[in-house]
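Below are some notes for a colleague who has not seen this model before. Please read them with the structure open.

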Amino acid sequence: MYQYISEEGLYPLFYFTTKHGLQYFVSFQKMNFENAFFNKLYSIDFYEANNQKFFNDPSIEITITSIINEYFKDNPDIILNYVCDSVDFKQDFRQKLFDKWYHNIKSDEFSKVNFQYHIPNEKMIYHLSFIFKTDFYKMDNIIDEVNLQLEAFTSYK
């Protein structure tokens with residue numbers, strides 16, 4: 001695992017540098033929906049600063065998942081949302097990678113649910129994941145609320 005630095009500001013930001021000199025950033029941003037159920041919804045974003053993700057380095061996964069676990073320790077009642085970046089059409093790969101990371105650290109303490117969201121008149125399928133602590137949320141409630149929110153987004157478009 002790499003040592004990481006935490007900075008508080010507009011949103012919590014963590015960053016670390018790999019043995020190959022690549023700098024990674026991990027941020028958590030509170031989402032604001034007009035839906036009381038999602039009052040504690042945070043999106044997570046992680047990326048390499050110079051888009052040079054060609055090194056196979058298991059310590060990157062360990063560091064990012066450790067940051068996520070630490071954030072959950074400090075904020076146990078959040079729902080964490082991850083949307084796979086689709087800018088380069090590699091969202092399917094990113095979803096598989098994120099699923100693998102989750103399964104590598106799987107614990108009964110957490111649950112994860114994936115959604116595919118297709119915007120009418122677009123060819124793109126968006127992959128969304130939600131991770132939450134089972135002490136605070138039930139899987140069925142998360143599924144129902146996310147589906148309702150996605151329907152609202154679709155009808156809003």
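1. Strand E4 (41-48), strand E5 (79-83), strand E7 (125-133) and helix H3 (139-156) each give at least two residues to the lining of the second largest pocket. Helices (H or I, at least four residues) and strands (E, at least two) are DSSP runs, numbered from the N terminus. H3 supplies the largest share, 4 residues.

2. The model is predicted: local features need pLDDT of at least 70, side-chain atom pairs count only at pLDDT 80 or more, and totals for chains, interfaces and linings use all residues. Residues are numbered from 1 along each chain as its sequence is written, and side-chain values use heavy atoms, with hydrogens and water left out.

3. 7 strands form an open sheet of mixed pairing, in the order E1-E2-E3-E4-E5-E7-E6. Two strands pair if DSSP finds at least two bridges between them. Strand E1 (5-7) and strand E6 (110-118) are at the edges with a single partner strand each, so one side of each has no neighbour in the sheet.

4. E4 and E5 run parallel and are joined by 3 bridges. Leu 41 has Ile 79 in E5 as its bridge partner.

5. Asp 99 is part of helix H2 (residues 91-104). Is Asp 99 buried or exposed? Asp 99 counts as buried because its relative accessibility is 18% (buried means under 20% relative accessible area, exposed over 50%, partly exposed in between; 1.4 Å probe, protein chains only). Beyond neighbours within four places in sequence, Asp 99 is in contact (heavy atoms within 4.5 Å) with Lys 112 and Asn 114.
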